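I set out to record what I looked up in this structure, entry by entry. My notes follow the order in which I consulted the model.

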Amino acid sequence: MKKTPFRLSPYQVQWLLIVGFVTVGYALYLRYLAIELSSVALACDAGLQTLACKSRAVATPLFKNSVFGATALVIAVLHVMRPSIVLLTGGLIAAGVGIVLYNVVLSGLAIGLLILGFARPAPATA
């Protein structure tokens with residue numbers, strides 16, 4: 001059985017660029033303006049009920065338990081075994097958030113595996 005290379009169309013590349021920038025942008029907003037900013041942290045701990053405080057409350061236990069990195073790694077392994085745009089998008093989202101939110105080791109490994117998902121045997125020439 002011959003395996004064909006996994007290649008993206010230009011529309012899929014544009015989709016991944018948009019998803020990647022939005023994901024990393026929101027993760028940067030969450031890290032620097034909701035998690036690390038002391039005035040917001042004190043207000044959220046005092047009981048303020050805003051979207052930033054709810055996002056902070058959800059994201060903090062997730063990155064403390066390396067959920068973003070582990071999820072990215074699982075999706076990346078699945079992508080290496082069976083490449084698809086859905087797995088690539090999910091892995092990109094999880095790894096992007098994981099890199100920004102302190103899960104660098106697992107998310108970096110996942111990014112490497114996502115890139116490895118494009119590696120397929122070259123077609124034989126005779």
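Predicted model: local features only at pLDDT ≥ 70, side-chain atom pairs only at ≥ 80, totals over all residues.

Setting aside neighbours within four places in sequence, I found Val100 in contact with Val24, Ala27, Leu28 and Arg31.

I then turned to the nonpolar cores. The largest has 11 residues, and I noted Val100 and Ala27 among them, together with Leu30, Phe63 and Phe68, for example. I checked which helices contribute: α1 (10–35), α3 (51–64) and α5 (85–100) each supply at least two residues of this core. The largest share, four residues, comes from α1. I also recorded a second, separate core of nine residues, including Phe6, Ala76, Ala94 and Leu114.

Next I examined the surface. I found a nonpolar patch of about 600 Å², made by Val24, Tyr26, Leu28, Tyr29, Tyr32, Leu33 and Leu37. Of these I looked up Tyr29, which is found in helix α1.

Finally I took the chain as a whole. I counted six helices and zero strands. The radius of gyration is 18 Å, well over the 14 Å that the globule rule gives for 126 residues, so I noted the chain as more spread out than a compact globule. Along its principal axes, the C-alpha trace spans about 70 × 30 × 15 Å. Buried residues make up 32% of the 126 residues. The chain exposes about 8000 Å², of which carbon and sulfur atoms supply 72%. Among contacts between residues at least 6 apart in sequence, I found that 70% join residues at least 24 apart.

Methods:
Residues numbered from 1 in each chain as written. Heavy atoms only, no water. Core = buried A, V, L, I, M, F, W, Y, C linked by side-chain atoms within 4.5 Å. Buried < 20%, exposed > 50% of the residue type's maximum accessible area, 1.4 Å probe, protein only. Contact = heavy atoms within 4.5 Å. Patch = residues over 30% accessible without salt bridge, like charges linked within 9 Å, V, L, I, M, F, W, Y side chains within 5 Å. Areas by Shrake-Rupley, 256 points an atom, 1.4 Å probe, with all protein chains shown as cover. Salt bridge = Lys/Arg side-chain N within 4 Å of Asp/Glu carboxyl O. Rg over C-alpha atoms; globule rule 2.2 N^0.38 Å.
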